[in-house]
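Thanks for passing this one along. Here are a few notes to read alongside the coordinates.

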Amino acid sequence: MAEFDDSDRPIIVSETGHPTHEGFWWMPPSSYPQQARYVVRNHLILAALGIRRIFWYAFQDEGTDPKNAEHNFGIVDWYGNPKPAYHAYRNMTRVLSDATCEGFLAGLQAPAYGVQCRLAEGFITVVWDSAGRGELELAEGCEIQRVVGLMGEERPLPILREGRRVLPIDENPRYLFSPAPIRFAAQRRLDPPI
């Protein structure tokens, strides 16, 4: 796009979603908890890549057949009842509504991911382990003031272990509030080990 002087044109992603169906389809089914974390992680990854508009498929389930994936993409069910993904997405939009996404956090290796967002005063860094559980060791001088979980619940601050501050992570995104950008000195896989 830059080569053709078109780099200001926004890239748009449409029809991204995770169905909560049973059975076989070309896309594997997601459980309700998986859909909740995938919807948030998908949005954060796309935002970190510079995608300016993301259209979900779909807000509401299109039917009631649990074996039909097309009936189960919604973050609310056919009857309008919110699925966990609705609450996770609502929490993400509340937490990050005043933030500007700056991109991926440098220094983390997959399956650990981090996305840094800037506030008028401070930062929110969202971290998760895409394949299980792990730990992130904070770099010297980094301060985390608050940790909020996937559904908006308060989570524990990093623990002190042998003079180092360590933050446990898992597949659910955690929102880390800090006065300055977060840096991690090390990461470690817990389950399953690589």
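The points below go from the overall fold to the aromatic pairs.

1. Please keep in mind that this is a predicted model. The protein chain has 2 helices and 12 strands, and from the N terminus their order is β-α-β-α-β-β-β-β-β-β-β-β-β-β. With a radius of gyration of 18 Å, close to the 16 Å that the globule rule gives for 194 residues, the protein chain is as compact as a globular protein of that length.

2. Along the principal axes, the C-alpha atoms fill a box of roughly 55 × 45 × 30 Å. Among contacts between residues at least 6 apart in sequence, 61% join residues at least 24 apart.

3. On burial and surface: 43% of the 194 residues count as buried. The chain exposes about 10,900 Å², and carbon and sulfur atoms supply 52% of that area. As for charge, the mean positions of the 20 positive and 25 negative charges are 5 Å apart.

4. W25 is partly exposed at 23% relative accessible area, while W26 is exposed at 67%. Ring pairs also link W25, W26, Y57 and F73 into a cluster.

5. Y113 and W128 form a stacked pair, with centres 5.8 Å apart and 20° between the planes. Y113 sits in strand β4 (residues 112-118) and W128 in strand β5 (residues 123-129), so the pair links parts of the chain 15 residues apart. Y113 counts as partly exposed because its relative accessibility is 28%; W128, at 1%, counts as buried.

Key
Residues are numbered from 1 along each chain as its sequence is written. This is a predicted model: local features need pLDDT of at least 70, side-chain atom pairs count only at pLDDT 80 or more; totals for chains, interfaces and linings use all residues. Side-chain values use heavy atoms; hydrogens and water are left out. Helices (H or I, at least four residues) and strands (E, at least two) are DSSP runs, numbered from the N terminus. The radius of gyration is taken over C-alpha atoms; the globule rule is 2.2 Å times the number of residues to the power 0.38. Buried means under 20% relative accessible area, exposed over 50%, partly exposed in between (1.4 Å probe, protein chains only). Contact means heavy atoms within 4.5 Å. Accessible areas come from the Shrake-Rupley method with a 1.4 Å probe; for residues, only the protein chains shown count as cover. Lys and Arg count as positive and Asp and Glu as negative; His and the chain ends are not counted. The place of a charge is taken as NZ of Lys, CZ of Arg, CG of Asp or CD of Glu. Rings of Phe, Tyr and Trp (its six-membered ring) pair if their centres lie within 6.5 Å; planes under 30 degrees apart count as stacked, over 60 as edge-to-face and the rest as tilted.
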